[in-house]
Number of protein chains: 2
Amino acid sequence: MLNRPTTMDPDDGSAGAGLLALPGPFLLFLGDTVSDGYAKTAFGLRDWAPERCVGELALPGASVTTGLPAMSPAAAYDAGARALLIGVATPGGLIPENWLPVLLEALEAGLDLVSGMHARLADLPPLVIAAQQLGRRLVDVRVPPPNIPVATGRKRSGRRLLTVGTDCALGKKYTALAIARGLVARGQDATFRATGQTGIMIAGGGIPIDAVVVDFVSGAAELLSPDAAPAHLDVIEGQGSLFHPAYAAVTLGLLHGSQPDLFVVCHQPGRAHVLGYPDYPVPSIDEVITTTVAMGRLTNPAIRCAGVSLNTAHLSEDQADVLITSQARRLALPVADPLRGGPAFEQLLDACAA
Amino acid sequence: MLNRPTTMDPDDGSAGAGLLALPGPFLLFLGDTVSDGYAKTAFGLRDWAPERCVGELALPGASVTTGLPAMSPAAAYDAGARALLIGVATPGGLIPENWLPVLLEALEAGLDLVSGMHARLADLPPLVIAAQQLGRRLVDVRVPPPNIPVATGRKRSGRRLLTVGTDCALGKKYTALAIARGLVARGQDATFRATGQTGIMIAGGGIPIDAVVVDFVSGAAELLSPDAAPAHLDVIEGQGSLFHPAYAAVTLGLLHGSQPDLFVVCHQPGRAHVLGYPDYPVPSIDEVITTTVAMGRLTNPAIRCAGVSLNTAHLSEDQADVLITSQARRLALPVADPLRGGPAFEQLLDACAA
């Protein structure tokens, strides 16, 4: 252990540890995408960060639209945009050749580039050369910031809430966004803390927690929600699940580093198996509460469940109401679908503010 | 999730996923080290892989020795060595300038270089150029192999044992080595699987699990102990602790990917606090057993504790015997100090073979 590293990337001694910080506002780039499913990032930005979205730009052949005004890079710059953000995914995560001309045009128009694609902007020489010549930034949101420290385990000031889940991809990001927005609307001091690429784009900063080397994952979570005023609440976007056969380490590292006082369990009623893992049943909400408390109390002995967020997008309003009411009674906890709002969500917010 | 990567390093499409595989036998390089504490790697290799160690090489001023014959790189090559292995650590993990001449001499003598230092051989241009010209390999043991996949959670054939601990740095590697060696000496089919740099050097291969990106840590553990004959036992070197405020994610990812049938809890009697974390008490052996079963059963519902390994290096033989006997009675499990051997260790081996 004598020469165990104490930060994730100490070779780069130039930069202090910190969160990614994104340029903006954005021109949303939609490529030549024809399927809404590949444009979740653009829709997320339109819905959750409209004040950071100036317009959209699509290539010929695209059929997806966010409804924002179509703009050239130069027109977007004149309208206040300072970065072109790639708002779509591609099969395999590559950046297609035919996108390069418009990306170069954006750099020339004065826009930085922001991408959450698997392929990195920084690995495309034409973009690197143009960005250097023009003094623009290429921001790959999947790349963690340098010099992430090993976690200290030190209790920090301020309050923290983490969303956890019975599986991946069922609403942990949107639940955290809705809770932070709801509390701020009530005049409370709350900040959404992003741990995934879309969340980082919406928040304008954060740490892509699942791209961090495992020795530093709890340190990254500590960095993400620093000391704060006693009444301040960081609402931290959860990742994975403690019951996921591949990603539980992400979840535990985030849980330990976040030291949450409160957590909200996110669940999609009717999902039987872990996405992509038919041999692994989705755990019950009760199991997730028990295990999150059991593991989370290591770094915060006062951890407790504030309530449950149900993703009822596939249910009718009546079905959702019945389910929310019955689960709230069964668990003796606030239960709501944050995207439906209403009195149930207000009760969940009350519990998060308590 | 649409463009979530499915392997850790898909840009490098040339190499299939696999374990690091080290060249050897070794000439152990001791630098100019004057403190035994910095030479643990060299001592570990001498003690656990003597058949892979041809001799040692120290610079003027060094006072550390493994007791192996002193050799020049050329003499070591003639004696069968095929790699110079850096067997010492330095404060900060850097490779000192004054080591370069002898490292270059080793390359010229026909030896590859193997290092577990934090600073990478591959980042030192004189070594890179010489290795290219001479057709030698520079092996940085801290660097994971490319293309580690996301874990599948699929149950594998063969049997697995994982060492877990109440803390870091108290005997998980040596316990796994002693169990694997003890079983092989009994004629059983067992393999030590290394997850840390010294273990990898001793075994001649493995995966540095704590250097893996967290999304892939369980996938790396799956790769490390592949399908095997039904009676074969992989004895997997544990890392960290589920009760460590910084490294529990490493431990959980390794636990889930290893899918152990059996685990052995490693503990150092008298250690009160987690090393370097005075606010975190070391958990009891009982707590570690309970939590390891609770978390490990996700990927192997049959997981159970085979016994306990106590590191009693700081106790007299009598003190150790009394402690081992009383703990075995209290826990109703085999308890032994593998480095002391004896009947207690034979009972622990019986349990591991069962």
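**Notes on helix 7 of chain B**

1. Starting with handedness: helix 7 of chain B crosses helix 8 of chain B in a right-handed sense. Keep in mind that we're looking at a predicted model here.

2. On the geometry of that pair, helix 7 and helix 8 of chain B pack at about 45°, and their axes are 7 Å apart. That angle makes helix 7 of chain B oblique to helix 8 of chain B, because anything from 65 to 115 degrees would count as roughly perpendicular and anything under 35 as roughly parallel.

3. Who does the touching? From helix 7 of chain B it's B:Val217, B:Ser218, B:Gly219, B:Ala220, B:Ala221 and B:Glu222, and they meet B:Val250, B:Gly253, B:Leu254, B:His256, B:Gly257 and B:Ser258 of helix 8 of chain B. By class, the contact residues come out as 5 nonpolar, 6 polar and 1 charged.

4. Helix 7 of chain B (residues 217-224) has 8 of its 8 residues buried, so it is largely enclosed by the rest of the structure. The buried residues include B:Glu222, along with B:Leu223 and B:Leu224. The cover comes from both chains: it includes helix 8 (248-258) of chain A, plus strand 8 (190-193), strand 9 (205-206), strand 10 (233-236) and helix 8 (248-258) of chain B.

5. Now the interface: 40 residues of chain B are in contact with 40 residues of chain A. On the chain B side, helix 7, helix 8 and strand 13 (277-281) each put in at least two residues. Helix 8 of chain B gives the most, with 6 residues. The side of chain B that touches chain A splits into 26 nonpolar, 11 polar and 3 charged residues.

Methods:
Residues numbered from 1 in each chain as written. Chains lettered and ligands numbered in written order. Predicted model: local features only at pLDDT ≥ 70, side-chain atom pairs only at ≥ 80, totals over all residues. Buried ≥ 20, exposed ≤ 12 C-beta atoms within 10 Å, placed from the backbone. Helix = DSSP H or I, 4+ residues; strand = E, 2+ residues; numbered from the N terminus. Contact = placed C-beta atoms within 7 Å. Nonpolar A, V, L, I, M, F, W, Y, C, P; charged D, E, K, R; others polar. Axes fitted to C-alpha atoms, helices over the stretch in contact; angles between N-to-C directions. Parallel < 35°, antiparallel > 145°, perpendicular 65-115°, else oblique. Left-handed = near helix turned anticlockwise from the far one by under 90°.
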